Amino acid sequence: MTRGEAMTTTRARITGTGSYAPPKVLTNKDLEKMVETTDEWITTRSGIKQRRITVNEKTSEVAAKAARRALKAAGVLPREIDLVIVGTVTPDNVFPSTACFVQSILGVKSGVPAFDVSAACSGFLYAMDIADKYIKAGISKRALVVGVDIFSRIIDWKDRSTCVLFGDGAGAVVLKPSSGKKGILSSHIYSDGRLWQMLYTTESIPPNPFETKGKSNPECHPYVRMKGNETFKAAVRNMEEACLKVMKLNRLKPKDIGLLIPHQANIRIMNAIKDRLKLSDEQVFSDIEKYGNTSAASIPLALDEAVREKRIKAGDVVLFVSFGGGLTWASAAVRW
Ligand code: ACO
């Protein structure tokens, strides 16, 4: 790329962030009363102390709350939004998409495309990757991207190996085109469907009556199943590789990273990545202690917290990296 071309590159810039976590707190001590576990086990194995749980709130409502805050921060009205993408694996319904519900709740104009992306914990980075491409192509001028999940609805609350890890929440960003140096430098998404059995939900669509010989309404609920140990190793491997690739592509050295915001799945995974990338404690953001793993919400929720805590300065390079069911993983580098 010549110097002249670099000057005129259109980038998607994050102009506002917002998040929402439901008020009900479920602590490790609360979980001790529900399953055979201890606060000590959960804290040392995952870094989680508490998580938030929705009560009488739908995914779309939680998403809309985060979205409203992001719109306010960006100074953008719902009627100015021209693209809505929601990353989620816990939609209100099979259809319409959560994005269509969000469009309706917020009052985003009729005709604006709104759709969901299913990539589990990578859902937000997948959604932002698509919005980035729409903006670079000149199709979108104001995109709303939301990451939201309510795992409390798909957790098997009797399975101690998973129920202690997840929480509910949402995070959102508003993206606009920018011709300067600031914005998404590059964004990359990956998947490997051959490894789906590492992390998945049981089937949620009932079989048809031709398959059940007329027996109607068999019990069918999506429950999270995870091979924790294998997932842990795959997460460290793929997240490290995704970070190294995005750093190499953008000629970034460890010292150039202002803040790494990794998917908040496990503090030990985040520490392993920090060590492998030779980053300091200050360069890695974590709020897992407060929220647990909020799946697609984890990165935008952490980003919003980092912004509010003033952990990101103008000109800083922020690195995002995720890993989740699919398997899916993703990374992005952003100049703030
Ligand atoms: N309390 C007490 N003991 C427990 C609990 C619990 N809640 N859960 C499991 N154990 C026991 C196990 O039964 C096992 O006992 P055993 O040795 O007698 O068999 C022992 O603890 C160790 O279990 P491991 O699974 O080996 O523990 P590990 O150190 O691997 O930690 C964990 C488990 C926290 C799940 C970890 O493997 C992990 O974080 N994995 C990755 C999660 C992740 O990244 N997910 C991806 C994103 S999620 C998404 O996409 C939806």
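**Notebook: the ligand and its surroundings**

I began with the domains. The shell around the ligand takes at least three residues from domain 1 (3–181) and at least three from domain 2 (185–335). I note here that the model is predicted.

Next I looked up the shell itself. I found 27 residues surrounding the ligand. The closest are Thr37, Arg45, Cys121, Arg160 and Asn266. I then sorted the shell by residue type. It holds 13 nonpolar residues, ten polar ones and four charged ones.

Which helices and strands each supply at least two residues of the shell? I listed four helices: H3 (39–46), H7 (160–163), H8 (228–249) and H9 (267–277). I also listed one strand, S12 (317–324). Which of the elements gives the most to the shell? I wrote down H8, with four residues.

I turned to the oxygen atoms of the ligand. For Asn266, I read 2.6 Å between a polar side-chain atom and a ligand oxygen. For Gly325, a polar atom of the backbone is 2.9 Å from an oxygen of the ligand. For Asn229, an N or O atom of the side chain is 3.0 Å from a ligand oxygen. How much of the ligand's accessible area does the protein cover? On its own the ligand has 1,000 Å² of accessible area, and the protein covers 74% of that.

I checked the pockets too. The largest pocket is the space that the ligand takes.

I found a cis peptide bond between Phe95 and Pro96, with omega about 0°. Pro96 sits in the loop between strand S4 (83–87) and helix H5 (98–106). I found another cis peptide bond between Gly326 and Leu327, with omega about -10°. Leu327 is in the loop between S12 and strand S13 (328–335).

My last entry is Arg251. Its phi is near 50°, a positive value in a residue that is not glycine. Where is Arg251 placed? I located Arg251 in the loop between H8 and strand S11 (257–262). H8 is the helix that gives four residues to the ligand shell.

Key: Residues numbered from 1 in each chain as written. Predicted model: local features only at pLDDT ≥ 70, side-chain atom pairs only at ≥ 80, totals over all residues. Heavy atoms only, no water. Near = heavy atom within 4 Å. Polar contact = N/O pair within 3.5 Å; in protein donor to acceptor, adjacent residues only side chain to side chain. Areas by Shrake-Rupley, 256 points an atom, 1.4 Å probe, with all protein chains shown as cover. 1 Å grid on protein atoms, 1.4 Å probe; cavity = no way out; pocket = protein on both sides within 12 Å on 5 of 7 lines; lining within 4 Å. Sits in = over half its atoms within 2 Å of the grid points. Nonpolar A, V, L, I, M, F, W, Y, C, P; charged D, E, K, R; others polar. Domains from an automatic or database assignment.
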